[in-house]
Amino acid sequence: MTSPDHWSTIRGLVAWLDKENDRTEQEITLRLLKLTEETGEVAQAWIGVTGQNPRKGVTHTPGDVADELCDVIVTASVALASIVPDPAAHLDAKLRRIAARPRTP
């Protein structure tokens, strides 16, 4: 679970974005699309860890991948806080439902 400080930071980011860009349907769409950009950066970093691109070789570390994953979490949190009034409660409820799922088929 996330900490209250996490959500304080997220609320600050949402307020900043709202002030700069408003919170129109188009702006929310762009906040959601930002997730695609961030997940692409995770993939790019992992490719860099594995050296899969022979032209580039090893270009990233596992720490770089972890940083990019954190960017995905923050971006998703901002998007969530942009569309629901209590993102922490929504995430907690979702995590409880996931925890209650059976682990076997």
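**View 1. Asp 22 sits in the loop between α1 and α2.** Helices here are DSSP runs (H or I, at least four residues), numbered from the N terminus. Asp 22 isn't a glycine, yet its phi is positive, at about 70°. For comparison, most residues other than glycine have a negative phi. Asp 22 counts as partly exposed because its relative accessibility is 48%; buried means under 20% relative accessible area, exposed over 50%, and partly exposed in between (1.4 Å probe, protein chains only).

A quick note on what you're looking at: this is a predicted model, where local features need pLDDT of at least 70 and side-chain atom pairs count only at pLDDT 80 or more, while totals for chains, interfaces and linings use all residues. Residues are numbered from 1 along each chain as its sequence is written, and side-chain values use heavy atoms, with hydrogens and water left out.

**View 2. Here is the largest pocket, with a volume of about 200 Å³.** A pocket is an open set of points on a 1 Å grid over the protein atoms alone, where a 1.4 Å probe fits, with protein on both sides within 12 Å along at least five of seven lines; lining residues have an atom within 4 Å of a point. Grid points are joined across faces, edges and corners, and the volume is the space filled by probe spheres set on them. Among the lining residues are Leu 13, Trp 16, Leu 17, Glu 27, Arg 31 and Val 78. Helix α2 gives the most to the lining, with 4 residues.

**View 3. Zoom in on Leu 17 and the largest nonpolar core.** Leu 17 is one of the 9 residues in this core, along with Trp 7, Ile 10, Val 14, Val 78 and others. Such a core is a set of buried Ala, Val, Leu, Ile, Met, Phe, Trp, Tyr and Cys residues joined through side-chain atoms within 4.5 Å. The largest share of this core, 4 residues, comes from α1. Leaving aside residues up to four places away in sequence, Leu 17 touches Asp 22, Glu 27, Arg 31 and Val 78; contact means heavy atoms within 4.5 Å.

**View 4. Now follow helix α3 from end to end.** Buried residues in α3 include Val 65, Glu 68, Val 72 and Thr 75.

Terms used: Helices (H or I, at least four residues) and strands (E, at least two) are DSSP runs, numbered from the N terminus.
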